[in-house]
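Work through these exercises with the model open beside you. Try each task before reading its solution.

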Amino acid sequence: MDHNTDISAPHSMGTTIIGVTYNGGVVLGADSRTSTGVYVANRASDKISQLTDNVYVCRSGSAADSQIVSDYVRYFLHQHTIQLGQPATVKVAANLVRLLSYNNKNFLETGLIVGGWDKYEGGQIYGVPLGGTIVQQPFAIGGSGSSYLYGFFDQAWKEGMTKDEAEDLVKKAVSLAIARDGASGGVVRTVIINSEGVTRNFYPGDQLPLWHEELESHNSLLDILGAPEPMSI
Amino acid sequence: MATVAESERTLYPYVTGSSVVALKYKDGILMAADMGGSYGSTLRYKSIERLKPVGKHTLLGASGEISDFQEILRYLDELILYDNMWDDGNSLGPKEVHSYLTRVMYNRRNKFNPLWNSLVLGGVKNGQKYLGMVNMIGINFEDNHVATGLGNHLARPILRDEWNENLTFEEGVKLLEKCMRVLLYRDRSAVNKIQISKITEEDCTVFPPFSLKTYWDFSAFKNPTAAVDLI
């Protein structure tokens with residue numbers, strides 16, 4: 001992308017966010033690292049925010065921008081629900097997100113994934129990247145960590161997964177992204193939304209699978225050392 | 001040079017569509033575009049529909065920033081709605097829609113806040129075929145065949161050579177496919193998932209997406225340095 005910008009600090013969308021539809025609903029997932037430059041400001045953030053009872057949004061990019069957009073959308077959706085007399089649809093929520101993102105495209109730096117369930121169309125995922133395009137997709141990935149997941153999803157994604165298959169896919173994907181993206185880390189949070197309701201899950205870093213060149217964790221070296229003699233190198 | 005605040009002008013596109021190619025044929029207009037939405041150099045979205053019917057008589061194809069294209073479709077929904085509400089038997093044809101869009105694009109350009117698109121408009125009304133183009137700085141014109149972006153450099157020379165007034169539907173499709181194949185070989189942001197659509201006096205059809213075969217079976221490709229080895 002050719003920007004003529006004289007901003008010296010690098011822009012990074014420090015996050016990995018995922019939304020996946022399955023046979024009956026959606027699974028949203030995210031890492032939990034919020035970084036300011038190289039410092040990890042919050043190692044246990046919750047990037048999956050609630051918009052209504054049945055619609056959630058995964059936030060990436062600027063923390064401030066994504067929070068203010070989801071706060072406004074929550075506010076508008078609340079009023080909309082009262083006026084409508086029934087739960088808002090996922091499409092309406094996603095379009096509200098798009099409106100704010102598009103009309104303020106010069107100011108905002110946030111990519112969002114809106115996911116939820118409604119009685120008309122079932123589980124749906126909408127991506128709203130930078131610029132305010134809205135794209136309905138069977139699955140969506142976003143944030144800086146997503147660069148490492150395009151190939152993974154091209155290979156691993158399939159239509160008509162069960163709830164558990166979908167959640168496993170999301171967990172695996174976020175953990176793969178965390179392994180390679182410095183701006184992603186911490187725990188994996190997932191939110192499952194279907195006709196029965198919403199389930200939040202939490203998978204701490206030490207419970208995630210290990211990938212290439214990663215080692216099992218221990219409390220201390222001393223726990224591993226069998227004999228007192230040191231290794232000769 | 002800009003007399004408006006930096007924050008009030010669009011600086012650069014984010015999610016972009018690549019070329020659109022279109023030509024007039026015997027019964028109307030044929031238009032083609034791939035279904036890619038690029039995010040910089042990443043081929044991020046592969047199912048974006050960039051060809052859309054507008055009202056009864058027009059087909060709109062867009063390249064450039066997808067969010068701006070989606071906004072343009074909303075403007076056109078409103079335009080067509082108000083047109084229908086007159087309920088007077090008249091309906092906006094492709095020439096009128098082109099004129100409307102040209103005004104929109106040019107006025108945004110004058111405010112230094114362009115809609116970052118190149119648009120192709122085609123249609124048939126009362127037996128008259130129309131094919132035109134308008135881009136983000138308001139340049140607009142009509143022609144027998146048009147293209148946006150790299151299509152101008154790669155597809156139009158082919159069309160200048162091989163287009164004629166009396167192309168059948170089959171010949172038109174084959175010609176468009178030839179252009180799209182070249183774009184697939186030579187345009188970095190092309191994606192092998194293509195939609196062709198046609199509009200005639202009677203109706204407008206956007207055909208389902210398909211992929212084109214590509215050809216790599218050449219001895220010069222298998223052995224590019226064969227000539228060198230002979231020395």
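**Exercise 1. Sort the lining of the second largest cavity into nonpolar, polar and charged residues.**

Step 1. In this predicted model, list the lining. It consists of Ser18(B), Ser19(B), Asp34(B), Met180(B), Leu183(B), Leu184(B), Asp187(B), Ala190(B) and Val191(B).

Step 2. Sort the names. Five are nonpolar, two polar and two charged. Met180(B) and Leu183(B) are among the lining residues and count as nonpolar. Asp34(B) also lines the cavity and counts as charged.

Step 3. Look for the main supplier. Helix 4 of chain B, residues 169-186, gives the largest share, three residues.

**Exercise 2. Find which residues line the largest cavity.**

Step 1. The structure has two cavities of 30 Å³ or more. The largest has a volume of about 60 Å³.

Step 2. Read the chain A part of the lining. It includes Ser101(A), Lys105(A), Leu108(A), Glu109(A) and Thr110(A). Pro129(A), Leu130(A), Gly131(A) and Gly132(A) belong to it too.

Step 3. Sort by type. Four residues are nonpolar, four polar and two charged.

**Exercise 3. Describe how chain B meets chain A, starting from the residues in contact.**

Step 1. Count the contacts. On chain B, 23 residues touch 21 residues of chain A.

Step 2. Give the area. The two chains bury about 1,900 Å² between them. Carbon and sulfur atoms carry 52% of it.

Step 3. Name the chain B residues that lose the most area to chain A. They are Tyr14(B), Arg44(B) and Tyr45(B), together 28% of what that side buries.

Step 4. Check the polar links. Nine residue pairs are in polar contact across the interface, both residues at pLDDT 80 or more. The rule also finds two salt bridges there. Arg98(A) and Glu71(B) meet in a salt bridge through their side chains, at 3.2 Å from N to O. That value passes the test, because a salt bridge needs the nitrogen within 4 Å of the carboxyl oxygen.

Step 5. Trace the elements. Strand 5 (42-45) and helix 1 (66-85) of chain B each supply at least two residues to the side that touches chain A. Helix 1 of chain B gives the largest share, six residues.

Step 6. Sort that side of chain B. It has ten nonpolar, six polar and seven charged residues.

**Exercise 4. Locate the residues closest to the centre of the second largest pocket.**

Step 1. Start with volume. This pocket has about 620 Å³.

Step 2. Go to the centre. Among 25 lining residues, the closest are Pro13(B), Thr16(B), Gly17(B), Gly40(B) and Ser189(B).

Step 3. Assign elements. Strand 1 (15-17), strand 7 (58-65) and strand 8 (117-125) of chain B each supply at least two lining residues.

Step 4. Sort the lining. It divides into eight nonpolar, 14 polar and three charged residues.

Note on methods:
Residues are numbered from 1 along each chain as its sequence is written. Chains are lettered from A and ligands numbered from 1 in the order in which they are written. This is a predicted model: local features need pLDDT of at least 70, side-chain atom pairs count only at pLDDT 80 or more; totals for chains, interfaces and linings use all residues. Side-chain values use heavy atoms; hydrogens and water are left out. Contact means heavy atoms within 4.5 Å. Buried area is the accessible area (1.4 Å probe) that two parts lose on being put together, summed over both. A polar contact is a pair of N or O atoms within 3.5 Å; within protein, one must be able to donate a hydrogen and the other to accept it, and residues adjacent in sequence count only if both atoms are side-chain atoms. Helices (H or I, at least four residues) and strands (E, at least two) are DSSP runs, numbered from the N terminus. On a 1 Å grid over the protein atoms alone, a cavity is a set of points where a 1.4 Å probe fits but cannot get out, and a pocket is an open set with protein on both sides within 12 Å along at least five of seven lines; lining residues have an atom within 4 Å of a point. Grid points are joined across faces, edges and corners, and a volume is the space filled by probe spheres set on the points.
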